[in-house]
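Subject: Structure for you, with notes

Hi,

Here is the structure I promised to pass on. Please open it next to these notes.

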Amino acid sequence: MTSVTSVTLEDTEKRIRYLLVKDFKLDSGKLTLDARLDELGVDSIGMAELIFSIEDEFGLKLADAAVQLSTFGEVVQFIDEALANRHATTAPFPKAYALPTAT
Amino acid sequence: MRRVAVTGIGLVSPLGHDAAAVFEAARDGRSGIHRLQIAGAHRLAAPLAATVQFDVTQHFEPLQARLLDRFSQFAVVAARRALADAGCDLSEAERERAGIFLGNGMGGTLSMDEGYQTLYGENSDRIKPTMILKGMHNAPAAWIGIENGWRGPNLTYSTACSSSSVAIGEAWLRLACGATDVAIAGGCEAPLSLGSLKAWEVLRTLASEDTADPTRSCKPFSRNRSGMVLAEGAAFVVLESWERALARGAAIHGELIGYGLTTDASHIARPSVDGQAAAITAALASAGIAADEVDAINAHGTGTQANDVAETAAIKRVFGARASQIPISATKALHGHLLGAAGALEFVLSLLALKHNTALPTMHLDVADPECDLDYVADVARAGAAGRTMLSNSFAFGGTNAVLALRAVD
(Lines give C-alpha, C1' and ligand atoms only; values in the text may rest on other atoms or scores of the structure.)
Protein backbone atom coordinates (compact mmCIF):
# COMPACT_ATOMS: atom_id res chain seq x y z
CA MET A 1 0.00 0.00 0.00
CA THR A 2 2.73 2.40 0.99
CA SER A 3 4.77 1.75 -2.10
CA VAL A 4 1.77 2.22 -4.41
CA THR A 5 0.92 5.55 -2.79
CA SER A 6 4.47 6.80 -2.98
CA VAL A 7 4.74 5.95 -6.68
CA THR A 8 1.47 7.79 -7.36
CA LEU A 9 2.51 10.77 -5.31
CA GLU A 10 5.82 10.92 -7.10
CA ASP A 11 4.08 10.79 -10.45
CA THR A 12 1.66 13.55 -9.42
CA GLU A 13 4.50 15.74 -8.23
CA LYS A 14 6.40 15.20 -11.46
CA ARG A 15 3.44 16.14 -13.59
CA ILE A 16 2.51 19.27 -11.60
CA ARG A 17 6.16 20.31 -11.54
CA TYR A 18 6.17 19.96 -15.31
CA LEU A 19 3.12 22.24 -15.56
CA LEU A 20 4.62 24.90 -13.31
CA VAL A 21 7.84 24.96 -15.27
CA LYS A 22 6.04 24.98 -18.62
CA ASP A 23 3.31 27.52 -17.85
CA PHE A 24 5.08 29.85 -15.41
CA LYS A 25 8.72 29.32 -16.36
CA LEU A 26 9.54 28.51 -12.74
CA ASP A 27 12.96 27.23 -11.83
CA SER A 28 12.44 23.55 -11.09
CA GLY A 29 15.25 23.70 -8.56
CA LYS A 30 13.23 26.10 -6.42
CA LEU A 31 10.17 23.88 -6.46
CA THR A 32 10.72 22.09 -3.20
CA LEU A 33 7.68 20.63 -1.53
CA ASP A 34 7.65 23.37 1.10
CA ALA A 35 8.13 26.22 -1.41
CA ARG A 36 5.30 28.74 -1.26
CA LEU A 37 3.93 29.20 -4.78
CA ASP A 38 2.95 32.84 -4.22
CA GLU A 39 6.54 33.60 -3.27
CA LEU A 40 7.60 32.10 -6.60
CA GLY A 41 5.17 34.42 -8.38
CA VAL A 42 2.13 32.16 -8.73
CA ASP A 43 -0.50 34.34 -7.08
CA SER A 44 -4.24 33.77 -6.88
CA ILE A 45 -4.62 34.44 -10.62
CA GLY A 46 -1.82 32.03 -11.33
CA MET A 47 -3.45 29.43 -9.11
CA ALA A 48 -6.63 29.69 -11.19
CA GLU A 49 -4.54 29.11 -14.32
CA LEU A 50 -2.72 26.20 -12.65
CA ILE A 51 -5.99 24.52 -11.66
CA PHE A 52 -7.15 24.63 -15.30
CA SER A 53 -3.87 23.10 -16.42
CA ILE A 54 -4.06 20.43 -13.73
CA GLU A 55 -7.63 19.54 -14.68
CA ASP A 56 -6.60 19.12 -18.30
CA GLU A 57 -3.44 17.23 -17.41
CA PHE A 58 -5.12 14.75 -15.08
CA GLY A 59 -8.58 14.63 -16.64
CA LEU A 60 -9.99 15.90 -13.39
CA LYS A 61 -12.87 18.23 -12.65
CA LEU A 62 -12.23 19.92 -9.34
CA ALA A 63 -15.07 21.44 -7.38
CA ASP A 64 -14.79 25.10 -6.50
CA ALA A 65 -13.73 24.13 -2.99
CA ALA A 66 -12.61 26.84 -0.65
CA VAL A 67 -9.33 25.13 -0.06
CA GLN A 68 -6.22 27.14 0.66
CA LEU A 69 -3.15 25.72 -1.02
CA SER A 70 0.07 27.56 -0.31
CA THR A 71 3.01 25.27 -0.94
CA PHE A 72 3.92 23.11 -3.88
CA GLY A 73 3.64 20.09 -1.57
CA GLU A 74 0.10 21.04 -0.54
CA VAL A 75 -0.98 21.27 -4.17
CA VAL A 76 0.59 17.89 -4.94
CA GLN A 77 -1.04 16.34 -1.89
CA PHE A 78 -4.44 17.85 -2.71
CA ILE A 79 -4.38 16.64 -6.30
CA ASP A 80 -3.09 13.25 -5.32
CA GLU A 81 -6.00 12.82 -2.94
CA ALA A 82 -8.46 14.05 -5.56
CA LEU A 83 -7.07 11.46 -7.96
CA ALA A 84 -7.29 8.69 -5.39
CA ASN A 85 -10.89 9.61 -4.66
CA ARG A 86 -11.90 9.19 -8.26
CA HIS A 87 -9.93 6.21 -9.48
CA ALA A 88 -6.74 7.91 -10.37
CA THR A 89 -5.66 5.15 -12.72
CA THR A 90 -8.29 6.28 -15.25
CA ALA A 91 -6.69 9.66 -15.59
CA PRO A 92 -5.08 10.04 -19.01
CA PHE A 93 -1.36 10.26 -19.19
CA PRO A 94 0.04 13.48 -20.55
CA LYS A 95 1.16 13.52 -24.12
CA ALA A 96 4.05 15.82 -23.54
CA TYR A 97 6.41 13.36 -21.92
CA ALA A 98 6.76 9.63 -21.53
CA LEU A 99 6.20 7.80 -18.26
CA PRO A 100 7.80 4.46 -17.39
CA THR A 101 5.52 1.80 -18.74
CA ALA A 102 6.66 -0.86 -16.27
CA THR A 103 4.62 0.62 -13.44
CA MET B 1 -3.25 78.58 -15.02
CA ARG B 2 0.25 77.14 -14.88
CA ARG B 3 2.43 76.52 -17.92
CA VAL B 4 3.05 72.88 -18.84
CA ALA B 5 6.32 71.49 -20.17
CA VAL B 6 6.88 68.30 -22.12
CA THR B 7 10.03 66.80 -20.65
CA GLY B 8 9.92 63.17 -21.75
CA ILE B 9 9.09 61.24 -24.91
CA GLY B 10 8.63 57.45 -25.03
CA LEU B 11 7.76 55.52 -28.16
CA VAL B 12 7.00 52.01 -29.33
CA SER B 13 6.07 52.71 -32.92
CA PRO B 14 6.04 51.36 -36.45
CA LEU B 15 8.56 54.06 -37.35
CA GLY B 16 10.98 53.17 -34.57
CA HIS B 17 11.55 53.26 -30.86
CA ASP B 18 13.27 56.55 -30.16
CA ALA B 19 12.42 60.12 -31.04
CA ALA B 20 15.37 60.67 -33.36
CA ALA B 21 14.70 57.57 -35.45
CA VAL B 22 10.96 58.24 -35.64
CA PHE B 23 11.48 61.85 -36.67
CA GLU B 24 13.95 60.87 -39.37
CA ALA B 25 11.60 58.22 -40.76
CA ALA B 26 8.71 60.69 -40.84
CA ARG B 27 10.88 63.42 -42.36
CA ASP B 28 12.37 61.14 -45.00
CA GLY B 29 9.07 59.49 -45.88
CA ARG B 30 9.95 55.93 -44.85
CA SER B 31 6.74 53.97 -44.51
CA GLY B 32 6.09 51.56 -41.65
CA ILE B 33 3.20 50.01 -43.57
CA HIS B 34 3.60 46.57 -45.14
CA ARG B 35 1.71 43.40 -45.92
CA LEU B 36 0.57 41.72 -42.73
CA GLN B 37 1.48 38.14 -41.91
CA ILE B 38 -1.00 36.75 -39.41
CA ALA B 39 -3.10 33.59 -39.31
CA GLY B 40 -6.15 34.22 -41.44
CA ALA B 41 -4.63 37.16 -43.32
CA HIS B 42 -5.80 35.55 -46.56
CA ARG B 43 -9.36 36.28 -45.45
CA LEU B 44 -8.70 40.02 -45.51
CA ALA B 45 -9.32 42.04 -48.66
CA ALA B 46 -6.12 43.99 -48.10
CA PRO B 47 -3.90 42.47 -45.41
CA LEU B 48 -1.96 45.62 -44.55
CA ALA B 49 -0.72 47.07 -41.28
CA ALA B 50 2.02 49.08 -39.65
CA THR B 51 3.54 46.83 -37.02
CA VAL B 52 6.06 47.20 -34.24
CA GLN B 53 9.28 45.25 -33.81
CA PHE B 54 8.93 44.10 -30.23
CA ASP B 55 10.56 41.26 -28.32
CA VAL B 56 8.51 40.85 -25.17
CA THR B 57 11.22 38.78 -23.44
CA GLN B 58 13.53 41.80 -23.50
CA HIS B 59 11.12 43.80 -21.40
CA PHE B 60 9.22 41.45 -19.09
CA GLU B 61 9.77 38.36 -17.00
CA PRO B 62 7.57 35.49 -18.19
CA LEU B 63 5.40 35.58 -15.07
CA GLN B 64 4.53 39.23 -15.68
CA ALA B 65 4.33 38.97 -19.47
CA ARG B 66 1.53 36.42 -19.26
CA LEU B 67 -0.64 39.01 -17.48
CA LEU B 68 -0.16 41.78 -20.05
CA ASP B 69 -1.87 41.97 -23.41
CA ARG B 70 0.32 43.39 -26.16
CA PHE B 71 -1.29 46.83 -25.78
CA SER B 72 -0.26 46.91 -22.11
CA GLN B 73 3.24 45.72 -22.94
CA PHE B 74 3.62 48.57 -25.42
CA ALA B 75 2.29 51.08 -22.88
CA VAL B 76 4.57 50.01 -20.05
CA VAL B 77 7.66 50.05 -22.26
CA ALA B 78 6.81 53.41 -23.85
CA ALA B 79 6.14 54.90 -20.41
CA ARG B 80 9.51 53.59 -19.18
CA ARG B 81 11.18 55.28 -22.12
CA ALA B 82 9.34 58.54 -21.52
CA LEU B 83 10.35 58.57 -17.85
CA ALA B 84 13.94 57.69 -18.69
CA ASP B 85 14.01 60.52 -21.23
CA ALA B 86 12.57 62.95 -18.68
CA GLY B 87 15.08 61.77 -16.11
CA CYS B 88 12.91 62.80 -13.24
CA ASP B 89 12.76 61.12 -9.87
CA LEU B 90 9.61 61.73 -7.89
CA SER B 91 9.50 62.15 -4.15
CA GLU B 92 7.03 60.05 -2.18
CA ALA B 93 4.83 63.13 -1.78
CA GLU B 94 4.89 63.71 -5.53
CA ARG B 95 3.98 60.09 -6.24
CA GLU B 96 0.83 60.59 -4.19
CA ARG B 97 -0.37 63.16 -6.75
CA ALA B 98 1.34 62.04 -9.94
CA GLY B 99 -1.15 61.07 -12.63
CA ILE B 100 -1.39 58.66 -15.53
CA PHE B 101 -3.67 59.65 -18.42
CA LEU B 102 -4.01 57.04 -21.13
CA GLY B 103 -6.01 56.78 -24.31
CA ASN B 104 -7.03 53.53 -25.91
CA GLY B 105 -9.68 52.61 -28.41
CA MET B 106 -10.01 48.85 -28.68
CA GLY B 107 -8.85 47.37 -25.36
CA GLY B 108 -6.89 44.14 -25.26
CA THR B 109 -8.44 42.89 -28.46
CA LEU B 110 -5.80 40.24 -29.09
CA SER B 111 -6.54 38.59 -25.75
CA MET B 112 -10.28 38.90 -26.22
CA ASP B 113 -10.01 37.45 -29.73
CA GLU B 114 -7.98 34.53 -28.40
CA GLY B 115 -10.53 33.87 -25.65
CA TYR B 116 -13.46 33.92 -28.05
CA GLN B 117 -11.57 31.64 -30.42
CA THR B 118 -11.35 29.14 -27.56
CA LEU B 119 -14.99 29.62 -26.56
CA TYR B 120 -16.68 29.72 -29.96
CA GLY B 121 -14.08 28.45 -32.41
CA GLU B 122 -12.99 25.44 -30.39
CA ASN B 123 -16.21 25.12 -28.39
CA SER B 124 -14.11 24.87 -25.24
CA ASP B 125 -14.65 26.49 -21.85
CA ARG B 126 -10.90 26.68 -21.22
CA ILE B 127 -10.66 30.46 -21.55
CA LYS B 128 -7.58 31.78 -19.80
CA PRO B 129 -8.36 33.07 -16.29
CA THR B 130 -6.34 36.15 -17.25
CA MET B 131 -8.62 37.18 -20.13
CA ILE B 132 -10.49 39.93 -18.27
CA LEU B 133 -7.31 41.33 -16.73
CA LYS B 134 -5.58 41.42 -20.10
CA GLY B 135 -8.53 42.73 -22.08
CA MET B 136 -9.81 45.54 -19.89
CA HIS B 137 -9.19 49.03 -21.21
CA ASN B 138 -7.66 50.36 -18.00
CA ALA B 139 -5.06 47.60 -17.71
CA PRO B 140 -2.20 49.52 -19.40
CA ALA B 141 -2.61 52.59 -17.18
CA ALA B 142 -2.89 50.35 -14.14
CA TRP B 143 0.37 48.58 -14.99
CA ILE B 144 2.19 51.89 -15.48
CA GLY B 145 0.91 52.99 -12.08
CA ILE B 146 1.93 49.74 -10.42
CA GLU B 147 5.40 49.81 -11.92
CA ASN B 148 6.09 53.37 -10.80
CA GLY B 149 4.09 53.58 -7.61
CA TRP B 150 2.16 56.63 -8.84
CA ARG B 151 -0.95 56.92 -6.73
CA GLY B 152 -2.72 59.98 -8.12
CA PRO B 153 -5.29 59.90 -10.92
CA ASN B 154 -5.04 56.79 -13.09
CA LEU B 155 -7.45 57.42 -15.93
CA THR B 156 -8.20 55.76 -19.24
CA TYR B 157 -10.04 57.63 -21.97
CA SER B 158 -11.73 55.76 -24.77
CA THR B 159 -12.98 58.10 -27.46
CA ALA B 160 -11.92 55.98 -30.44
CA CYS B 161 -9.36 57.73 -32.64
CA SER B 162 -9.04 60.82 -30.46
CA SER B 163 -8.44 58.86 -27.22
CA SER B 164 -4.82 59.76 -26.60
CA SER B 165 -5.21 63.40 -27.59
CA VAL B 166 -8.01 63.56 -25.04
CA ALA B 167 -5.71 61.88 -22.50
CA ILE B 168 -2.94 64.43 -23.11
CA GLY B 169 -5.42 67.30 -23.02
CA GLU B 170 -7.05 66.16 -19.81
CA ALA B 171 -3.62 65.76 -18.21
CA TRP B 172 -2.82 69.31 -19.32
CA LEU B 173 -5.94 70.59 -17.57
CA ARG B 174 -4.95 68.89 -14.32
CA LEU B 175 -1.43 70.23 -14.51
CA ALA B 176 -2.48 73.72 -15.54
CA CYS B 177 -4.89 74.06 -12.64
CA GLY B 178 -2.40 72.66 -10.13
CA ALA B 179 -4.15 69.41 -9.26
CA THR B 180 -1.01 67.48 -10.11
CA ASP B 181 2.62 68.38 -10.82
CA VAL B 182 3.76 65.48 -12.97
CA ALA B 183 1.88 63.28 -15.41
CA ILE B 184 2.47 60.53 -17.92
CA ALA B 185 0.06 60.97 -20.81
CA GLY B 186 -0.39 59.19 -24.10
CA GLY B 187 -1.94 56.12 -25.60
CA CYS B 188 -1.49 52.55 -26.73
CA GLU B 189 -3.14 50.22 -29.18
CA ALA B 190 -2.58 46.66 -30.39
CA PRO B 191 -5.54 46.11 -32.70
CA LEU B 192 -4.13 43.63 -35.20
CA SER B 193 -6.30 40.63 -34.40
CA LEU B 194 -8.19 39.01 -37.25
CA GLY B 195 -11.50 39.92 -35.58
CA SER B 196 -10.60 43.57 -35.29
CA LEU B 197 -9.12 43.83 -38.78
CA LYS B 198 -12.19 42.19 -40.28
CA ALA B 199 -14.54 44.47 -38.35
CA TRP B 200 -12.74 47.57 -39.65
CA GLU B 201 -12.70 46.12 -43.14
CA VAL B 202 -16.45 45.49 -43.32
CA LEU B 203 -17.02 49.03 -42.12
CA ARG B 204 -15.32 50.03 -45.39
CA THR B 205 -12.70 52.16 -43.71
CA LEU B 206 -9.54 50.31 -44.68
CA ALA B 207 -7.30 51.13 -47.61
CA SER B 208 -7.05 48.82 -50.56
CA GLU B 209 -3.55 47.68 -51.38
CA ASP B 210 -1.35 49.72 -53.64
CA THR B 211 -0.37 46.78 -55.80
CA ALA B 212 2.74 48.49 -57.13
CA ASP B 213 3.99 49.23 -53.61
CA PRO B 214 1.97 48.12 -50.56
CA THR B 215 3.94 50.53 -48.34
CA ARG B 216 2.22 53.40 -50.22
CA SER B 217 -1.32 52.16 -49.60
CA CYS B 218 -2.36 55.00 -47.28
CA LYS B 219 -2.74 58.24 -49.26
CA PRO B 220 -4.17 61.06 -47.14
CA PHE B 221 -5.68 63.99 -49.07
CA SER B 222 -4.93 62.31 -52.40
CA ARG B 223 -7.86 61.89 -54.76
CA ASN B 224 -7.07 58.18 -55.12
CA ARG B 225 -7.11 57.60 -51.35
CA SER B 226 -9.02 54.49 -50.33
CA GLY B 227 -8.91 54.47 -46.55
CA MET B 228 -6.70 54.00 -43.54
CA VAL B 229 -4.23 51.31 -42.58
CA LEU B 230 -4.41 49.93 -39.04
CA ALA B 231 -1.31 50.17 -36.90
CA GLU B 232 -0.07 49.23 -33.46
CA GLY B 233 2.14 50.97 -30.94
CA ALA B 234 2.28 53.36 -28.03
CA ALA B 235 3.40 56.92 -27.43
CA PHE B 236 3.73 58.72 -24.11
CA VAL B 237 4.99 62.04 -22.90
CA VAL B 238 5.98 63.19 -19.46
CA LEU B 239 4.27 66.46 -18.65
CA GLU B 240 5.18 68.61 -15.71
CA SER B 241 4.63 72.10 -14.47
CA TRP B 242 6.95 74.59 -16.11
CA GLU B 243 8.33 75.64 -12.72
CA ARG B 244 9.18 72.09 -11.75
CA ALA B 245 10.88 71.44 -15.07
CA LEU B 246 12.93 74.63 -14.78
CA ALA B 247 13.80 74.03 -11.15
CA ARG B 248 15.33 70.65 -11.87
CA GLY B 249 17.03 71.84 -15.05
CA ALA B 250 15.10 69.45 -17.26
CA ALA B 251 15.52 69.41 -21.03
CA ILE B 252 12.19 70.69 -22.31
CA HIS B 253 10.94 69.30 -25.62
CA GLY B 254 8.19 71.84 -25.98
CA GLU B 255 5.24 73.48 -24.30
CA LEU B 256 1.66 72.23 -24.35
CA ILE B 257 -0.29 75.47 -24.48
CA GLY B 258 -3.88 74.52 -25.20
CA TYR B 259 -6.52 71.87 -25.71
CA GLY B 260 -9.82 72.08 -27.53
CA LEU B 261 -12.48 69.43 -26.98
CA THR B 262 -15.86 69.30 -28.68
CA THR B 263 -18.42 66.67 -29.56
CA ASP B 264 -20.27 66.42 -32.87
CA ALA B 265 -23.47 65.08 -31.32
CA SER B 266 -24.69 64.36 -34.82
CA HIS B 267 -23.65 61.05 -36.40
CA ILE B 268 -21.83 58.07 -34.90
CA ALA B 269 -19.40 57.77 -37.82
CA ARG B 270 -19.72 60.74 -40.15
CA PRO B 271 -17.34 63.59 -39.30
CA SER B 272 -18.80 67.02 -38.72
CA VAL B 273 -17.11 70.12 -40.09
CA ASP B 274 -18.89 72.12 -37.38
CA GLY B 275 -17.54 69.92 -34.60
CA GLN B 276 -14.00 69.85 -35.95
CA ALA B 277 -13.87 73.59 -36.56
CA ALA B 278 -15.24 74.20 -33.07
CA ALA B 279 -12.48 72.03 -31.57
CA ILE B 280 -9.76 73.94 -33.41
CA THR B 281 -11.30 77.22 -32.29
CA ALA B 282 -11.53 75.95 -28.71
CA ALA B 283 -7.86 74.96 -28.76
CA LEU B 284 -6.87 78.45 -29.89
CA ALA B 285 -9.02 80.00 -27.18
CA SER B 286 -7.61 77.81 -24.42
CA ALA B 287 -4.08 78.63 -25.57
CA GLY B 288 -4.94 82.31 -25.70
CA ILE B 289 -3.63 82.67 -29.22
CA ALA B 290 -5.08 84.08 -32.42
CA ALA B 291 -5.60 81.95 -35.51
CA ASP B 292 -2.79 83.72 -37.34
CA GLU B 293 -0.29 82.52 -34.74
CA VAL B 294 -0.64 78.91 -35.92
CA ASP B 295 2.35 78.06 -38.09
CA ALA B 296 1.60 74.44 -38.99
CA ILE B 297 -0.86 71.63 -38.36
CA ASN B 298 -0.53 67.89 -37.93
CA ALA B 299 -3.78 66.74 -39.47
CA HIS B 300 -5.94 63.84 -38.38
CA GLY B 301 -5.55 62.93 -42.06
CA THR B 302 -6.68 59.33 -42.05
CA GLY B 303 -6.87 58.84 -45.79
CA THR B 304 -10.58 58.08 -45.73
CA GLN B 305 -12.82 59.91 -48.18
CA ALA B 306 -14.95 61.46 -45.46
CA ASN B 307 -12.28 62.62 -43.02
CA ASP B 308 -9.98 64.36 -45.40
CA VAL B 309 -12.72 66.44 -47.00
CA ALA B 310 -14.29 67.39 -43.67
CA GLU B 311 -10.96 68.25 -42.08
CA THR B 312 -9.99 70.43 -45.03
CA ALA B 313 -13.29 72.29 -44.76
CA ALA B 314 -12.91 72.72 -40.98
CA ILE B 315 -9.41 74.19 -41.35
CA LYS B 316 -10.69 76.59 -44.01
CA ARG B 317 -13.54 77.66 -41.79
CA VAL B 318 -11.25 78.54 -38.88
CA PHE B 319 -8.33 80.05 -40.79
CA GLY B 320 -10.16 81.59 -43.74
CA ALA B 321 -7.98 82.83 -46.58
CA ARG B 322 -4.84 82.04 -44.60
CA ALA B 323 -5.67 78.30 -44.53
CA SER B 324 -3.85 77.68 -47.80
CA GLN B 325 -0.65 79.17 -46.35
CA ILE B 326 -0.47 76.76 -43.40
CA PRO B 327 1.63 73.61 -43.92
CA ILE B 328 -0.53 70.59 -43.04
CA SER B 329 1.07 67.20 -42.43
CA ALA B 330 -0.73 63.83 -42.46
CA THR B 331 1.83 61.43 -41.03
CA LYS B 332 -0.58 58.48 -40.97
CA ALA B 333 0.55 57.81 -44.55
CA LEU B 334 3.71 56.42 -42.93
CA HIS B 335 2.83 55.14 -39.45
CA GLY B 336 -0.72 54.09 -40.19
CA HIS B 337 -3.64 54.64 -37.87
CA LEU B 338 -2.79 53.71 -34.29
CA LEU B 339 -6.40 54.45 -33.24
CA GLY B 340 -6.21 55.18 -29.51
CA ALA B 341 -2.45 55.87 -29.74
CA ALA B 342 -2.60 57.95 -32.92
CA GLY B 343 -3.10 61.34 -31.29
CA ALA B 344 -0.18 60.82 -28.91
CA LEU B 345 2.20 59.73 -31.66
CA GLU B 346 1.17 62.69 -33.79
CA PHE B 347 1.56 65.04 -30.84
CA VAL B 348 5.12 63.74 -30.45
CA LEU B 349 5.78 64.15 -34.18
CA SER B 350 4.49 67.72 -33.89
CA LEU B 351 6.86 68.39 -31.00
CA LEU B 352 9.72 67.03 -33.08
CA ALA B 353 8.63 69.02 -36.13
CA LEU B 354 8.77 72.19 -34.00
CA LYS B 355 12.06 71.19 -32.43
CA HIS B 356 13.62 70.77 -35.87
CA ASN B 357 11.50 73.52 -37.44
CA THR B 358 10.58 71.15 -40.24
CA ALA B 359 7.11 70.53 -41.62
CA LEU B 360 6.76 66.78 -42.08
CA PRO B 361 5.59 65.52 -45.46
CA THR B 362 2.24 64.04 -46.38
CA MET B 363 3.45 61.07 -48.38
CA HIS B 364 1.75 59.32 -51.30
CA LEU B 365 -0.20 62.40 -52.30
CA ASP B 366 -0.28 61.31 -55.90
CA VAL B 367 -3.42 62.94 -57.29
CA ALA B 368 -4.76 66.35 -56.32
CA ASP B 369 -8.33 66.39 -55.03
CA PRO B 370 -10.38 69.55 -55.72
CA GLU B 371 -12.03 69.10 -52.32
CA CYS B 372 -8.66 68.82 -50.57
CA ASP B 373 -6.89 71.89 -51.88
CA LEU B 374 -4.69 73.09 -49.01
CA ASP B 375 -0.92 72.86 -48.60
CA TYR B 376 -0.31 69.31 -47.37
CA VAL B 377 3.49 69.41 -47.75
CA ALA B 378 3.23 66.75 -50.43
CA ASP B 379 5.93 64.08 -50.44
CA VAL B 380 8.90 66.18 -49.30
CA ALA B 381 9.65 67.59 -45.85
CA ARG B 382 9.98 71.34 -45.71
CA ALA B 383 12.78 72.75 -43.56
CA GLY B 384 12.06 75.98 -41.77
CA ALA B 385 8.29 75.62 -42.18
CA ALA B 386 6.99 74.32 -38.84
CA GLY B 387 7.53 77.65 -37.11
CA ARG B 388 6.92 78.05 -33.39
CA THR B 389 3.30 77.05 -32.85
CA MET B 390 1.44 73.99 -34.07
CA LEU B 391 -1.88 72.26 -33.71
CA SER B 392 -2.34 68.49 -33.66
CA ASN B 393 -5.82 67.40 -34.73
CA SER B 394 -7.58 64.20 -33.66
CA PHE B 395 -11.12 63.35 -34.61
CA ALA B 396 -13.10 60.20 -33.97
CA PHE B 397 -16.01 57.89 -34.50
CA GLY B 398 -18.44 58.88 -31.83
CA GLY B 399 -17.75 62.51 -32.58
CA THR B 400 -15.18 63.44 -29.92
CA ASN B 401 -12.87 66.04 -31.46
CA ALA B 402 -9.62 66.88 -29.65
CA VAL B 403 -7.07 69.44 -30.76
CA LEU B 404 -3.78 70.04 -28.94
CA ALA B 405 -1.84 73.30 -29.26
CA LEU B 406 1.90 73.26 -28.69
CA ARG B 407 4.80 75.63 -28.89
CA ALA B 408 8.51 75.36 -29.42
CA VAL B 409 10.88 76.23 -26.60
CA ASP B 410 12.49 79.61 -27.04
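Predicted model: local features only at pLDDT ≥ 70, side-chain atom pairs only at ≥ 80, totals over all residues.

Domains of chain B

Chain B splits into domain 1 (4-247) and domain 2 (257-407). Their centres, taken over C-alpha atoms, lie 20 Å apart. Domain 1 of chain B puts 62 residues into the contact, and domain 2 of chain B puts in 55. On the domain 1 side, the elements giving two or more residues are β1 (4-12), α1 (19-28), β3 (48-50), α8 (163-176), β6 (182-189) and β7 (233-241) of chain B.

A helix pair in chain B

Look next at helix α11 (residues 273-287) and helix α12 (residues 305-319), both of chain B. They pack at an angle of about 50°, and their axes are 8 Å apart. An angle between 35 and 65 degrees counts as oblique, so α11(B) and α12(B) are oblique to each other. The crossing of α11(B) past α12(B) is right-handed. From α11(B), the contact uses B:Val273, B:Gln276, B:Ala277, B:Ile280 and B:Thr281. From α12(B), it uses B:Ala310, B:Glu311, B:Ala313, B:Ala314, B:Arg317 and B:Val318. Seven of the residues in this contact are nonpolar, two are polar and two are charged.

One residue: B:Arg317

B:Arg317 sits in helix α12 of chain B. Is B:Arg317 buried, exposed or partly exposed? There are 16 other C-beta atoms within 10 Å, so B:Arg317 is partly exposed; the buried class needs 20 or more, and the exposed class 12 or fewer. Which residues does B:Arg317 contact, leaving aside neighbours within four places in sequence? They are B:Val273 and B:Ala277. B:Val273 is 44 residues away from B:Arg317 along the chain, yet their C-alpha atoms are separated by 8.5 Å.

Between the chains

Seven residues of chain A are in contact with seven residues of chain B. On the chain A side, helix α2 (residues 44-58) of chain A gives the largest share, four residues. The classes on that side of chain A are four nonpolar, one polar and two charged residues.

Best wishes

Conventions: Residues numbered from 1 in each chain as written. Chains lettered and ligands numbered in written order. Axes fitted to C-alpha atoms, helices over the stretch in contact; angles between N-to-C directions. Parallel < 35°, antiparallel > 145°, perpendicular 65-115°, else oblique. Left-handed = near helix turned anticlockwise from the far one by under 90°. Contact = placed C-beta atoms within 7 Å. Nonpolar A, V, L, I, M, F, W, Y, C, P; charged D, E, K, R; others polar. Domains from an automatic or database assignment.
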